[in-house]
Each structure stands twice: as C-alpha cells, then as structure tokens.
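Please open the structure in your viewer and keep the selection tool at hand.

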Amino acid sequence: MSKSTCSATHFCGFDPAKLVVFLREKFPHDTAKSVAAALNISPRNVENWLALRASPGFLTTGAMIDRWGAEFLVAVMSSPPGWAREAVAREEFAELERRRAVLKSRLRRDD
C-alpha cells in the first residue's frame with residue numbers, strides 16, 4: 001500500500017502551480033494584495049504561494065473553497081471530483097442563460 005500524500009494542512013490532489021494560475025486569473029492586477037484582501041490574510045502569505053515557497057493551510061484552503069466553490073476545486077486539483085466539474089458546468093450554463101436573457105431583452109428594446 002502506498003503512502004498517502006494527504007496531510008492535515010493540504011487536501012489530496014491540490015496542485016500549488018494550479019493555485020497560482022487560478023489566483024492570477026482571478027486577480028490579474030496586484031494579485032497578492034487583492035487575494036489577501038479577499039481572504040483577510042497577510043499579503044506576504046499570498047506572495048509565498050505565488051512564488052511556490054509555501055501552500056495555504058487547511059483553514060485558508062477552506063476559506064477559498066467557501067469563497068470560490070467548485071470553480072476553485074476544479075482549478076486547483078490535479079483530478080477534481082466529478083460533482084465539482086458538474087457544478088462548474090451548471091454555473092457556466094446558468095451564466096450563459098443570464099447573458100442570453102440580457103441579449104434578448106436588448107433585442108426587444110431595439111425593435
């Protein structure tokens with residue numbers, strides 16, 4: 001039986017490099033300060049994540065899951081669970097439906 005790579009401070013399948021991509025896409029300007037403000041943590045911690053010198057702890061990871069939900073899990077896990085991928089697809093579909101409704105409304109006003 002192989003040794004588990006999970007620990008109390010990191011969840012299984014977490015990919016620190018993917019976290020960096022997610023955070024930089026979510027906050028393209030002043031990433032460390034913006035993430036720190038969103039999570040109410042020190043910018044220095046975020047700077048360490050972005051430089052791959054450290055990873056977020058258990059509570060901070062939980063806060064990110066709470067804030068960004070399935071989108072976060074799918075973005076930062078090497079093999080995200082099916083339910084998370086499905087949740088992201090449903091969220092994307094709902095957003096497309098909202099955009100469609102806005103466009104339909106605009107077309108009606110232009111008639």
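In which helix is the place of Val-102? Select Val-102, and the selection falls in helix H5, residues 82-110. Helices here are DSSP runs (H or I, at least four residues), just as strands are runs of E of at least two, and they are numbered from the N terminus. The model is a predicted one, in which local features need pLDDT of at least 70 and side-chain atom pairs count only at pLDDT 80 or more, while totals for chains, interfaces and linings use all residues. Residues are numbered from 1 along each chain as its sequence is written, and side-chain values use heavy atoms, with hydrogens and water left out.

**Stop one: Val-102**

Display the surface around Val-102. With a relative accessible area of 41%, Val-102 is partly exposed; this term lies between buried (under 20%) and exposed (over 50%), with a 1.4 Å probe and protein chains only. Val-102 and Glu-25 are 77 residues apart along the chain, and their C-alpha atoms are separated by 25 Å.

Select Ala-75, which has its place in helix H4. Ala-75 has 29% relative accessibility and counts as partly exposed. Leaving aside residues up to four places away in sequence, Ala-75 touches Lys-18 and Phe-22, where contact means heavy atoms within 4.5 Å. The C-alpha atom of Ala-75 is separated by 21 Å from that of Ile-41, 34 residues apart along the chain.

Now select the whole of H1 and H4. Their axes are 10 Å apart and the helices pack at an angle of about 120°. Axes are lines fitted to C-alpha atoms, for helices over the stretch in contact, and angles run from 0 to 180 degrees between N-to-C directions. H1 is thus oblique to H4; angles under 35 degrees count as roughly parallel, over 145 as roughly antiparallel, 65 to 115 as roughly perpendicular and the rest as oblique. On the H1 side, Lys-18, Leu-19, Phe-22, Leu-23 and Lys-26 make the contact, and on the H4 side Met-64, Trp-68, Glu-71, Phe-72, Ala-75 and Val-76.

**Stop three: the loops on either side of H2**

Select Asp-30, in the loop between H1 and H2. Asp-30 is not a glycine, yet has a positive phi of about 50°. Most residues other than glycine have a negative phi. Move on to Asn-40, in the loop between H2 and H3. Asn-40, also not a glycine, has a positive phi of about 60°. At 73% relative accessibility, Asn-40 counts as exposed.

**Stop four: H2 against H3**

Select helix H2 (residues 31-39) together with helix H3 (residues 43-50); their axes lie 8 Å apart, at an angle of about 125°. H2 and H3 are therefore oblique to each other. Thr-31, Ala-32, Lys-33, Val-35, Ala-36 and Leu-39 in H2 meet Pro-43, Val-46, Glu-47, Trp-49 and Leu-50 in H3.

**Stop five: the buried face of H3**

Which residues in H3 are buried? Select Val-46, Trp-49 and Leu-50. Looking down the axis of H3, these buried residues fall within an arc of 95°, so they line one face of the helix; the arc is that of the directions from the helix axis to the C-beta atoms. To see what covers them, display elements including helix H1 (16-26), H2 and helix H4 (58-76).
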